[in-house]
Amino acid sequence: MSSNSVPRLVATDLDGTIVRSDGTISPRTITALSRIETAGARLVLVTGRPPRFMHTVVTAVGNQGMAICSNGAVIYDMHTDRIVAEQFIQPPELAEAACRLRAAIPGIGLAVESARELAGDSRYEPGNWDGHASIRRLPDAELFSRPAAKLLGRHPQLSADELLALAAPAVAGLVTVSHSNGTRLIEASAEGVTKASALADLAARHDISPASVVAFGDMPNDLSMLAWAGTSYAVANAHPDVLAAVDHVIPSNNEDGVAQVVEQLFPGPAVGRPGRRR
């Protein structure tokens, strides 16, 4: 997309990108995002969060736009508070992926996430997000018996990067695995289901080409989306792999970097600069 073009679709990750370190979205960012649909473009929030953790965000942005949740597995209409599409891991692949992960990464705990709940084995350690939710502890026969939006794996010692390096070859061709910097956590979706695949499908429904899309992110689970979009931005606090992959690096999530860019793409009162070209 040329510097003079107005995007037809703006896609942004949430946590670490527009959500600040204190867990809030700034008034400046909310105001900036409101310009997108007002200008006739589309806003799509693209996140690893399941729909059940979207309510505060939906309220903050005024029930506008669409959301791609669970790393592409769920499409959620924020206007109507309704799930409109799902692409889940099916039980045979879910059980096989679990078997391979346990063999490749001894000590890993596993959980299965649907759009509305989380269930886990006896080893799965709750994290910051799911620690506030009720985790059902189930035997394998029941845990892997239903389709799942995501298969989660958490290890007592290994970092997310270390886990991803071990998990990716173990489940290649079976599920798609990534991480969003959760503490010692990896996330798997159905094979081929990513933020990019869901965003591409959504854009195609509205006859929007990648060249007319700008995307913002910060973590490895954003890489596919950032590669697909015509113009890509990483906040300054992003993972090194993301910083190396994007067209532009902008100020951090705590400095309203995304808002600074949106203000320039959809002109109006703005403060700051959109960052440096890479």
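Predicted model: local features only at pLDDT ≥ 70, side-chain atom pairs only at ≥ 80, totals over all residues.
## Salt bridges in this model

Let's start with arginine 20, which is partly exposed at a relative accessible area of 25% (buried is under 20%, exposed over 50%, and partly exposed in between, using a 1.4 Å probe and protein chains only).

Residues are numbered from 1 along each chain as its sequence is written, and side-chain values use heavy atoms, leaving out hydrogens and water.

The count comes to 14 salt bridges, including these:

| Pair | N to O distance |
|---|---|
| Arginine 100 and glutamate 96 | 3.0 Å |
| Arginine 184 and glutamate 125 | 2.9 Å |

Arginine 100 and glutamate 96 sit 4 residues apart, about one turn, in helix H3 (residues 91-104). Here helices (H or I, at least four residues) and strands (E, at least two) are DSSP runs, numbered from the N terminus. Arginine 100 is partly exposed at 30%, and glutamate 96 is partly exposed at 32%.

Arginine 184 pairs with glutamate 125. This pair links distant parts of the chain, 59 residues apart: arginine 184 is in the loop between strands E10 (175-178) and E11 (185-190), and glutamate 125 is in the loop between strands E7 (118-120) and E8 (135-137). Arginine 184 is buried at 19%, while glutamate 125 is partly exposed at 32%.

Finally, there's a salt-bridge network linking Arg52, Glu113, Lys150 and Glu187.

Notes
Salt bridge = Lys/Arg side-chain N within 4 Å of Asp/Glu carboxyl O.
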